[in-house]
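Trainee: Could you walk me through reading charges and helices in a model like this one?

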Amino acid sequence: MADKLKIDIVSDVVCPWCTIGYKRLEKAIAELGVQDQIEIEWQPFELNPNMPVEGQNVKEHITEKYGSTLEQQKESQQHMTEVGEELGFKFDYFDDMRMVNTFNAHILLDYAKDFGKQTELKMRLTAAFFSERKDVSDKEILKKALLDVGLNADEALARLDNEEVRYDIRNKQGYWKNMGVNSVPTIVFNRKSAVTGAQPVDVFKEVLSELITE
């Protein structure tokens with residue numbers, strides 16, 4: 001058996017296109033039947049590292065950050081909802097939806113990696129935020145997500161107050177920024193080549209086929 005193809009996915013929990021990108025990548029992997037030849041690791045990226053504890057209304061946030069009108073936002077959300085449906089993922093946008101700080105979620109995803117549960121936890125948190133109207137900066141919500149995927153919640157949550165761990169996650173974020181990653185999802189293959197954005201399934205299939213036969 002040749003070495004596995006290592007895929008690093010640089011992304012944020014509250015990034016809709018990261019979810020769509022992953023679901024398309026997952027579909028490409030399944031259609032090629034190469035699940036056992038792939039190793040995925042999620043890497044931290046905060047879309048809003050300075051987001052305060054109370055978060056911010058999504059509509060205000062998008063207007064402020066990207067200058068999008070409410071009409072443009074509605075269209076974009078409708079589009080994402082339709083694409084999500086095609087991929088079996090539910091985007092449930094609502095008027096009082098709030099953008100939240102995701103730093104703690106990234107700490108827990110790093111913890112989950114040691115138990116082979118990273119992708120499971122990532123999708124659990126993403127579903128909590130986009131499908132279930134949950135605040136993924138809330139410790140109770142984080143605890144439930146950890147328990148849902150069978151992790152030791154107390155041990156994981158203790159990491160949130162560990163300065164060394166927090167420093168380590170900041171360092172990892174810095175590493176990817178220094179590598180030139182400034183938008184997510186960025187999907188990196190064997191740390192040699194990368195694609196950005198939620199590419200179509202066929203594009204992922206093409207890239208994967210090429211890399212696996214190398």
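**Reading charge and burial**

Mentor: Asp-202 counts as exposed because its relative accessibility is 55%; buried means under 20% relative accessible area, exposed over 50%, and partly exposed in between (1.4 Å probe, protein chains only). This is a predicted model, where local features need pLDDT of at least 70, side-chain atom pairs count only at pLDDT 80 or more, and totals for chains, interfaces and linings use all residues. Residues are numbered from 1 along each chain as its sequence is written, and side-chain values use heavy atoms, leaving out hydrogens and water.

Trainee: How many salt bridges does a search of the whole structure find?

Mentor: Side chains of opposite charge can pair when their charged atoms come close. The search finds 18 salt bridges (a side-chain nitrogen of Lys or Arg within 4 Å of a carboxyl oxygen of Asp or Glu). One of them joins Asp-110 and Lys-172, with the closest N and O atoms 2.7 Å apart. That pair links distant parts of the chain, 62 residues apart: Asp-110 is in helix α4 and Lys-172 in helix α8 (helices are DSSP runs of H or I, at least four residues, numbered from the N terminus).

Trainee: Is Asp-110 buried or exposed?

Mentor: Asp-110 counts as buried, at 12% relative accessibility.

Trainee: Why is helix α5 largely enclosed by the rest of the structure?

Mentor: Ten of its 13 residues are buried, so α5 is largely enclosed. Among the buried ones are Leu-121, Met-123 and Phe-129. Thr-119, also in α5, is partly exposed, at 23%.

Note on methods
Helices (H or I, at least four residues) and strands (E, at least two) are DSSP runs, numbered from the N terminus.
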